[in-house]
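Me: I would like to learn how to read the inside of a protein model. Can we take it one feature at a time?

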Amino acid sequence: MTQFIKTTMPFAAVLILAACGSTETKEAGHESHGTSEQATEQPAAPATGAVALKNQDLNAVYQHYIHLSTALTNGDVSEAKVASNAIEAGARELQGGATIASTAASITAASDIEAQRTAFQKLSNEMIAQVKQSGVASGEVYVEYCPMALNDKGASWLSSSKEIRNPYFGDKMLNCGEVTETIK
C-alpha cells in the first residue's frame, strides 16, 4: 500500500489540479460507508478524485489512464509518455493486464501525438472492458465516443466527467463526441 501511495501521489496531484474540482466534500462522505473491506479500498478515492474502481490495482491504472487522456487532449507528447509509462508499470500488477501494458509501452515509445492517439484506441478498448468487469466502488465512469476519430472509423475512451474532452483531436475538435454509456 505504501508503494502504491508513493507511486500514485505525483499523478494524483496532477489529476486533482487538472480537474479544477474540490474533493473535500466527497472525502467526508466516504468514511462513514460500508464494511471494513470497503473501508480498506476507500482511502484511494479521496487521493485520486471522485471515481474509485472496485479493483484497487485497476483503480491505480485508471487514474494514470485519465492522466494520459488529459495529456493527449492537450497535445502533450512528453506528458503522455509519463502517463503511459505509469500505466505500463501498473498494468503488470493486473490479472489480464498484459495487453494494457504492451499498448501503454507503444504509447511511451511513440514519437508523435498522432501515433500516441492511434495506440490510445486499443488501450481504451482494453480499459473499457476491464473497468466494466471490475465495477465502480464510487462515482461514475463514462464511456465516450467520437465517430470522426481515426479517419472516421470512430473510437471510444473513458472519462470521469460527462463533459466531452476529446483525446483523439485535442484542440482541433475538443468537444466532438458523446457519452454512450455510464458505468456505475
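Me: How many residues does the largest nonpolar core have, and which of them have the most contacts inside it?

Reply: This is a predicted model. Its largest nonpolar core has 40 residues, and Tyr 62, Tyr 65, Met 127 and Leu 158 have the most contacts inside that core.

Me: Which elements each supply at least two residues of this core?

Reply: They are the helices α5 (56-73), α6 (77-91), α7 (98-109), α8 (113-134) and α9 (149-152), together with the strands β3 (141-146) and β4 (155-159). Helix α5 gives the largest share, eight residues.

Me: Which residues is Met 127 in contact with, leaving aside its neighbours within four places in sequence?

Reply: Met 127 is in contact with Leu 58, Val 61, Tyr 62, Tyr 65, Ile 100 and Leu 158. For the chain as a whole, take the contacts between residues at least 6 apart in sequence: 59% of these join residues at least 24 apart.

Me: Next, the aromatic rings. What describes a pair of them?

Reply: Two values are used, the distance of the centres and the angle of the planes. In this structure, a search finds four aromatic pairs. One of them is formed by Tyr 62 and Tyr 65, with 6.4 Å centre to centre and 20° between the planes, and this pair is stacked.

Me: Why are Tyr 62 and Tyr 65 separated by about one helical turn?

Reply: Because they are three residues apart in helix α5. Both Tyr 62 and Tyr 65 are buried.

Me: Why is the pair of Phe 120 and Tyr 168 called tilted?

Reply: The ring centres of Phe 120 and Tyr 168 are 5.5 Å apart and their planes stand at 55°, so the pair is tilted. Phe 120 belongs to helix α8, whereas Tyr 168 sits in the loop between β4 and β5 (178-183), so the pair ties together parts 48 residues apart in sequence.

Me: Is Phe 120 buried or exposed, and what about Tyr 168?

Reply: Phe 120 counts as buried, at 0% relative accessibility. Tyr 168 is buried too, with a relative accessible area of 4%.

Me: Which residues do the ring pairs link into a cluster?

Reply: The cluster consists of Tyr 62, Tyr 65, Phe 120, Trp 157 and Tyr 168, linked by ring pairs.

Key: Residues numbered from 1 in each chain as written. Predicted model: local features only at pLDDT ≥ 70, side-chain atom pairs only at ≥ 80, totals over all residues. Heavy atoms only, no water. Contact = heavy atoms within 4.5 Å. Core = buried A, V, L, I, M, F, W, Y, C linked by side-chain atoms within 4.5 Å. Buried < 20%, exposed > 50% of the residue type's maximum accessible area, 1.4 Å probe, protein only. Helix = DSSP H or I, 4+ residues; strand = E, 2+ residues; numbered from the N terminus. Phe/Tyr/Trp six-rings, centres within 6.5 Å; stacked < 30°, edge-to-face > 60°.
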